[in-house]
Amino acid sequence: MATLLRYLLILILLGAVAFWFLTRPQSVDADLFTGLQGDPESGETIFWAGGCASCHAAPEAKGDARLVLAGGYRIESPFGTFIAPNISPTAEGLAGWSVEDLGNALLHGTSPEGRHYYPSFPYGSYQHMQPQAIADLKAFLDTLPPSDATSLPHEVRFPYNLTRGIGLWKRLNMTSGWVLENADTPELERGRYLVEALGHCAECHTPRTATGGLDRSQWMAGAPNPSGKGRIPAISPEKMDWSATDIAYYLETGLTPDYDSAGGQMVSVIANMGHLPKEDRHAIAAYLKALANN
């Protein structure tokens, strides 16, 4: 019996070491951002394409107030409520962050303190961002108005409040490849980058697997609303018969071909898209239509 207990203890210890190793937070290579200079003008485009204001501006903020990234937006889910933090350039936000810190957050979901962020922050999509885009975004964020609003803690129940396990979630669900493999024109390449990386459209419009990752076999096929209220519509070509022109016009104005208007969270998305050049909205439309041939 003593021998059996000894072996059992060894197995438990080995399992704990393996778990600790497999769930360790990842970080970027030390030289990834070496020599890069951020361009705030380019960073503004990244900001709007990435939807930063949709979560990090104060709820109900309009116009220029959407540039005050005080946080407070509540994301309801079956796991609890996630509350977007202050990311303005103050001590309560990103003051003191380096480009490398922002890169770790966006590419690996890792905080400056070396902790896992919850995937309510869509780093599963942002992991495709280019290093120069991250440097540009950081340069733009540093120009924004400050806010001293306190970042509120997430309201997440046990066992989901044990963030170390998020490392396993990342290993299961952080898929690095593109869904649209053949982006054989500059427009499609740009559209893929805007949709699959910056715009993180699939985070809402694609259903999830049993482990909470995006079900790439049902890409953009619509999904239950995490809050439990209604369903997020499909935007895959076999389920949405809009033309590319219809899609681009909707992203600009919020008006559908049936003379309806955007509602819910799409109102904020349309506000973001309005800051992009028309070529980007057309690139998004071209990407969505190209999924039919994927």
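This is a predicted model: local features need pLDDT of at least 70, side-chain atom pairs count only at pLDDT 80 or more; totals for chains, interfaces and linings use all residues.
Residues are numbered from 1 along each chain as its sequence is written, and side-chain values use heavy atoms, with hydrogens and water left out.

The chain has an average pLDDT (the predictor's confidence in each residue, from 0 to 100) of 90, and 93% of the residues score at least 70. It contains 12 helices and 5 strands, which are DSSP runs numbered from the N terminus (helices being H or I of at least four residues, strands being E of at least two). Among these elements, the lowest mean pLDDT, 66, belongs to helix H1 (residues 2-22), and the highest, 98, to helix H6 (residues 131-141).

Along the principal axes, the C-alpha atoms fill a box of roughly 75 × 45 × 40 Å. Of the 294 residues, 43% count as buried, where buried means under 20% relative accessible area, exposed over 50% and partly exposed in between (1.4 Å probe, protein chains only).

The structure holds 8 aromatic pairs, defined as rings of Phe, Tyr and Trp (its six-membered ring) with centres within 6.5 Å, where planes under 30 degrees apart count as stacked, over 60 as edge-to-face and the rest as tilted. Tyr117 and Phe121 form an edge-to-face pair, at 5.8 Å centre to centre and with 85° between the planes. Tyr117 is partly exposed at 25% relative accessibility, and Phe121 is also partly exposed, at 24%. Over the ring of Tyr123 sits the charged end of Lys170, 5.0 Å from the ring centre; the criterion is NZ of Lys or CZ of Arg within 6 Å of the ring centre and within 35 degrees of the ring normal.

Thr211 lies in the loop between helix H9 (202-205) and strand E4 (223-224) and is partly exposed, with a relative accessible area of 40%. Leaving aside residues up to four places away in sequence, Thr211 touches Trp169, Leu172 and Asn173, a contact being heavy atoms within 4.5 Å.
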